[in-house]
Amino acid sequence: MQPRGERPAGRTQSPEHGSPGPGPEAPPPPPPPQPQPPAPEAERARPRQARPTAPMEGAMQLLSREGHTVSHNSKRHYHDAFVAMSRMRQRGLLCDIVLHVAAKEIRAHKVVLASCSPYFHAMFTNEMSESRQTHVTLHDIDPQALDQLVQFAYTAEIVVGEGNVQVRLPGPSLSFPLPQSLPQLRWAPVPQLLVFPCASPAVPHGPFPCPCSPGSLSLSRVIPQTLLPAASLLQLNGVRDACCKFLLSQLDPSNCLGIRGFADTHSCSDLLKAAHRYVLQHFVDVAKTEEFMLLPLKQVLELVSSDSLNVPSEEDVYRAVLSWVKHDVDARRQHVPRLMKCVRLPLLSRDFLLGHVDAESLVRHHPDCKDLLIEALKFHLLPEQRGVLGTSRTRPRRCEGAGPVLFAVGGGSLFAIHGDCEAYDTRTDRWHVVASMSTRRARVGVSAVGNRLYAVGGYDGTSDLATVESYDPVTNTWQPEVSMGTRRSCLGVAALHGLLYAAGGYDGASCLNSAERYDPLTGTWTSIAAMSTRRRYVRVAMLDGNLYAVGGYDSSSHLATVEKYEPQVNAWTPVASMLSRRSSAGVAVLEGALYVAGGNDGTSCLNSVERYSPKAGAWESVAPMNIRRSTHDLVAMDGWLYAVGGNDGSSSLNSIEKYNPRTNKWVAASCMFTRRSSVGVAVLELLNFPPPSSPTLSVSSTSL
């Protein structure tokens, strides 16, 4: 309605009847431009200077072109127009649709709703009855969430955040709290998703601009479990993604199962994958929550059968299964056999199998469980046959998202023997100091079995050692293990089928050809067949289910010979000799080939490298290292070979270089903190590194 005495532009009012009359006459055209006198000759010869233009009001762009035309582009037009429409909606002006949901009425403009929501676009433009109505009732949507989404259609901004969000699990009545004073998530389609803490979280902003975020709309009472389904229904995918990002940022062992179920219910695939991955990565803590205890059997089976489950020990899986069953033992005892098939009993220690599993009444009273226990004990009793007895229950789990970390253990430099250790994370290209061993060790053998690192034998500056200790990356601690039957330094160590092998070395009096095997599941060392040659400064590697003892020193000469150990027959056999004599060389396996780098041939340190193909039964030379190295170690990681530390003939080294088999080139890598010769190196696959209890020294070393 127009105020009295005013007339719309472009219309006249009849004095008698008030009927519209003709509009005002068009203004006369501007006079034609007057011709200008011709410029003097000198003036015409002078180049024309661009006339400066005065700044225009607002965000305006002026383009001068031939023909004296002007192009105008107001960058604020869209913003100002939607601000005006939002104010009109608040005043109820020109609204042509009223949405009824529960007891709430929401006025809006159809064109605005249809322009941003495919749901409303289909409702108002297709041959639906709602397209001709001014009042529409909506069901199965939260009134407050709808109100805020309608407001979003006008403002293009929304804040997702709540001091006490509760997401309901499907099925049992269960909810989880999110932490108090959560950050609020402000979403705007341009230019990107923004996350910031609300400065006034206690202020109930209501439908007005948030005082701590000018121009944004606070949803202090609209929470993701109501907003996300509403945004999905209206097909506002940007808001839906913002809700998912908010929930993703709040993942915790106490709520990840609830968020996973919520994401599954509302087909949020990315959130579902992220929440499921979080459950697997934090299973030990998740299994202690009430959410886990209320999971249905199908979901428990899915979790405990996953190869990607992150657990320090299979004992954690066994305990989680028993806790779930005992939460409702009468209804769930029937599921024990199915659950125990998913627990990898052969990977449990013998003491745990006999002291806990066999003693558990829920397990021993089921014949199927007894068969699983016998299978596990047979796996323990026949270690040499583990390659043949392997099943899905003997395969170690590997957590999704874990990355390789290289550990440099012990070594020596300038008459000093090291007990300290450091580790290199390829994901950050940084070295970190980790816990020191309880004993200083140089000429040590190092290898990884499962998720633990073993330091075997070595020399402490006084005597050759038979002691062994293992490193737990979760607790960042070393602990003693059962000692070998023989003192060994300068030995070769490798892992095969979950067993740790130690071969050759020096016992303080003579070179050794004996070998022994350690089983972490039983905590025992067992002698195996001796090598045909005494080898000191020997290296051992595993390839195609066999062990290879490469080179070394027999007290009289440096060796080029190589022999292979087959665990099924407990015998060593010779294979083709290397192209060069080598002791104290680095040995590793990469892409089905056995590499030997550097070492000492009796006259000097070497930088030459060669590799052995089991199929061809022959050695061939590859690109040499950039630095001569002996008493170093070689390890394969991420498709590269890493040569770590050692001695160049005059001093100990902290330098690292790596070999790319695709380009046949060596390049420098980040250096260690400490110079280390006679060092031991191995790789662990870790999810979280460095551990929280590791020392804070973690600066990146300079590459040489």
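## Aromatic clusters and pairs

Phe407, Tyr471, Trp478 and Phe689 are joined into a cluster by ring pairs; rings of Phe, Tyr and Trp (its six-membered ring) pair if their centres lie within 6.5 Å, with planes under 30 degrees apart called stacked, over 60 edge-to-face and the rest tilted. This is a predicted model, where local features need pLDDT of at least 70, side-chain atom pairs count only at pLDDT 80 or more, and totals for chains, interfaces and linings use all residues. Residues are numbered from 1 along each chain as its sequence is written, and side-chain values use heavy atoms, leaving out hydrogens and water.

Across the whole structure, a search turns up 17 aromatic pairs. In one of them, tyrosine 424 and tryptophan 431 have ring centres 5.3 Å apart and planes at 35°, so this pair is tilted. Tyrosine 424, at 6% relative accessibility, counts as buried (under 20% relative accessible area; exposed is over 50%, partly exposed in between, with a 1.4 Å probe and protein chains only). Tryptophan 431 counts as buried too, at 1%.

## A pair between two strands

Tyrosine 595 and tyrosine 659 also make a tilted pair, 5.8 Å centre to centre with 55° between the planes. Tyrosine 595 lies in strand S29 (residues 593-600) and tyrosine 659 in strand S34 (residues 656-660), so the pair ties together parts 64 residues apart in sequence. Strands (E, at least two residues) and helices (H or I, at least four) are DSSP runs, numbered from the N terminus. Both tyrosine 595 and tyrosine 659 are buried.
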